[in-house]
Number of protein chains: 2
Amino acid sequence: MTIYDIAKEAGCSASTVSRVINNKPGIRRETRERVRELLEKYNYTPDIAARGLVKQSSGLIGILIEDLRVLHHLESAFIIEREMMKLGYCCIIMPTGFSPETQEEYIRVLEQRRAEGAVLVGSMFMTETVKAYVEKYLPKIPVVIVNGYLDLPNVTGIIADEREGIGKTVDLLYSKGKRNIAFALDGPTVSNLSKQEGYLDGMRKYGLEPRLFESKGKTQKEGEQITREILSAMPDTDAIIYSVDLTAVGGIHAAVQEGYRVPEDLSIVGVDNSIYCDIARPRLTSLNNKVEESSETAAAVLIEGIRKKPVHRKIILFTDIVERDTT
Amino acid sequence: MTIYDIAKEAGCSASTVSRVINNKPGIRRETRERVRELLEKYNYTPDIAARGLVKQSSGLIGILIEDLRVLHHLESAFIIEREMMKLGYCCIIMPTGFSPETQEEYIRVLEQRRAEGAVLVGSMFMTETVKAYVEKYLPKIPVVIVNGYLDLPNVTGIIADEREGIGKTVDLLYSKGKRNIAFALDGPTVSNLSKQEGYLDGMRKYGLEPRLFESKGKTQKEGEQITREILSAMPDTDAIIYSVDLTAVGGIHAAVQEGYRVPEDLSIVGVDNSIYCDIARPRLTSLNNKVEESSETAAAVLIEGIRKKPVHRKIILFTDIVERDTT
DNA sequence: CTGTTAGCGCATTCAG
DNA sequence: CTGAATGCGCTAACAG
């Protein structure tokens with residue numbers, strides 16, 4: 001069913017039908033209604049792709065997330081989708097994984113589909129290779145990075161200041177009498193390194209000796225593992241900050257199993273303030289890095305960009321600590 | 001940069017360029033290479049939408065999920081996406097929520113975008129209204145429902161036999177000496193009602209009195225709430241089966257708080273075998289309803305359908321119980 | 001081996 | 001108020 005089929009049956013031309021569909025003025029009431037009826041009768045819907053071809057717009061937004069298992073990123077993706085959907089855009093959400101090849105491939109898909117905007121969710125995208133791909137394949141559309149930044153004219157970075165947040169976390173632990181505070185990264189991503197900086201800032205501030213550790217990954221099991229390592233290497237550790245909630249949950253379990261009371265002997269803090277915090281027992285204290293706010297900001301910035309309005313290149317959000325049982 | 005721009009610079013016609021792009025035979029080596037170089041030089045990528053217009057294919061697959069918060073559905077969606085992606089399709093994943101209006105709206109979007117196939121994830125889509133929408137808007141493309149079924153010629157249902165699975169769960173609990181087994185639904189969805197049937201089957205089999213309850217929703221908090229209700233109404237309850245993991249986790253917490261030992265005094269079982277099972281303490285026993293298998297099947301069936309091959313209308317998968325600490 | 005022509009479904013001139 | 005003609009970027013059928 002095309003616009004021509006409708007036109008033929010309505011006894012008018014395709015352009016008239018087009019006008020009716022798009023609510024353009026200058027159509028006789030009578031004609032308009034006749035066409036409307038047929039549209040209804042055949043359940044006609046214009047082919048967006050064909051329309052896009054002439055209007056030079058795909059109505060597509062690409063959202064790339066590094067890892068599906070990070071709930072946090074999914075949440076962000078779908079908040080953005082919801083906002084864009086309201087404005088008639090469709091979102092293509094794709095998990096790129098960590099390899100540059102798939103990252104390139106998926107960025108290319110966005111180019112092929114003529115996406116009108118792109119969102120990269122996760123600090124993993126703060127790499128030179130991704131920067132090169134964006135520059136090469138998406139030089140003309142607005143790109144927003146949630147929790148990251150790339151120095152390119154069409155890219156806006158939206159970043160929760162986790163460095164400052166982790167600094168505040170050290171303050172909190174210090175105020176509770178903790179002095180042997182460790183920090184466990186789940187990998188050397190840019191975002192994690194900035195958390196680490198915050199940790200080091202805090203420790204320096206109080207003249208404490210840093211205790212840095214790095215887990216093999218971001219699963220619960222790997223969190224347990226690194227915790228055992230920490231506690232066996234430095235049994236007097238009285239607080240551990242983890243770069244992500246899930247490893248912190250593993251930390252809770254390992255610590256309890258090793259005979260530590262949480263939080264009396266050992267305080268535990270995660271990052272993301274995810275649903276896991278309330279499922280774990282004791283409930284996990286976590287740094288809220290404002291997914292919702294940053295995602296909504298991302299959507300807003302993207303829209304401004306698509307409308308060719310000038311946008312900020314870098315936006316910083318503040319975090320806050322949500323205290324539960326583990327501190 | 002269009003195919004014509006490339007053609008002009010290469011000193012040939014657009015069709016030649018098209019042939020090179022699509023690796024068609026019958027091009028002189030020399031010409032092919034010259035074109036290839038230009039393609040490379042300008043980073044040219046064909047406009048998929050324009051190509052789709054002539055080839056009558058959008059390369060788009062729609063995936064509708066009822067609720068984002070159900071991890072289970074997301075997982076399914078992304079497994080399907082991964083499979084379809086391998087074959088060059090792009091997926092539009094959209095959360096419809098529960099209102100018929102948004103369901104209709106999103107199904108319409110799939111029609112507008114000329115999706116070549118659709119997947120509905122969740123038993124919430126087993127309604128007469130959704131059936132009517134599918135019949136009206138998507139009558140000609142293959143549609144697969146994960147965890148559901150609609151009697152329409154182009155629809156395939158893929159269903160984990162949770163009824164049988166919950167029956168087996170009752171068997172397990174009975175074998176552990178439990179006699180006062182309760183069942184807590186998180187809402188009267190078709191899928192939940194079939195779980196309930198399985199529960200009733202099991203109770204009948206052993207001549208036990210059923211104890212049916214229904215929570216307000218599927219959050220952890222609502223799981224806690226219904227558990228308190230159950231335990232205060234029938235304190236001798238010695239096992240509770242929940243229709244979903246998250247409410248079961250709430251159940252664990254409420255039970256422990258009420259002074260029940262889990263599993264000695266009270267066994268707890270969830271459904272979905274999600275990540276929550278291992279985060280909770282004690283670890284939650286859960287019915288594995290095979291997301292992965294059913295999602296992969298969904299993708300396979302969809303592809304067969306797109307290729308116009310005959311497909312089964314209904315596929316049943318078997319579940320199994322993953323025992324952890326709560327039984 | 002390659003170019004010309006036509007058309008996918010639509011919106012947009014420009015005439016009338 | 002309406003229609004004919006044109007073109008968006010691409011592929012395919014048909015000539016040559």
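## A buried proline

A:P263 sits in the loop between helix 11 and strand 9 (267–271) of chain A. Helices (H or I, at least four residues) and strands (E, at least two) are DSSP runs, numbered from the N terminus. The model is predicted: local features need pLDDT of at least 70, side-chain atom pairs count only at pLDDT 80 or more, and totals for chains, interfaces and linings use all residues. Residues are numbered from 1 along each chain as its sequence is written, while chains are lettered from A and ligands numbered from 1 in the order in which they are written.

Is A:P263 buried or exposed? A:P263 has 22 other C-beta atoms within 10 Å, so A:P263 is buried. The cut-offs are 20 or more other C-beta atoms within 10 Å for buried, 12 or fewer for exposed, and partly exposed in between, with C-beta atoms placed from the backbone. Leaving out residues up to four places away in sequence, A:P263 touches A:I268, A:D325, A:T326 and A:T327. Contact here means that the C-beta atoms, placed from the backbone, lie within 7 Å. A:A239 is 24 residues from A:P263 along the chain, and their C-alpha atoms are separated by 8.2 Å.

## Chain A as a whole

Chain A has 13 helices and twelve strands. Its domains are domain 1 (3–46), domain 2 (58–160 + 291–318) and domain 3 (162–288). These bounds come from an automatic or database domain assignment. The C-alpha centres of domain 1 and domain 2 of chain A lie 38 Å apart.

The C-alpha atoms of chain A fill a box of roughly 85 × 35 × 30 Å along the principal axes. The radius of gyration of chain A is 26 Å, whereas a compact globule of 327 residues would have one near 20 Å. That radius is taken over C-alpha atoms, and the globule rule is 2.2 Å times the number of residues to the power 0.38. Buried residues make up 50% of chain A. Of the contacts in chain A with a separation of 6 or more, 70% join residues 24 or more positions apart.

## Where chains A and B meet

Each chain brings residues to the contact: 32 from chain A and 32 from chain B. On chain A, the elements that supply at least two residues each are helix 4 (48–55), helix 5 (71–86), strand 2 (90–95), helix 6 (100–112), helix 11 (245–257) and helix 12 (276–279). Helix 4 of chain A gives the most, with five residues. By class, this side of chain A has 17 nonpolar, seven polar and eight charged residues. Ala, Val, Leu, Ile, Met, Phe, Trp, Tyr, Cys and Pro count as nonpolar, Asp, Glu, Lys and Arg as charged, and the others, Gly among them, as polar.

## The DNA strands

DNA strand C is surrounded by 24 residues, and the closest are A:T2, A:I3, A:S15, B:C12 and B:V54. A residue is near a strand if its C-beta atom, placed from the backbone, lies within 6 Å of it. Helix 4 of chain A gives the most to this surface, with five residues.

DNA strand D also has 24 residues around it, the closest being A:C12, B:T2, B:I3, B:S15 and B:S18. Here helix 4 of chain B provides the largest share, five residues.

Definitions and conventions: Contact = placed C-beta atoms within 7 Å.
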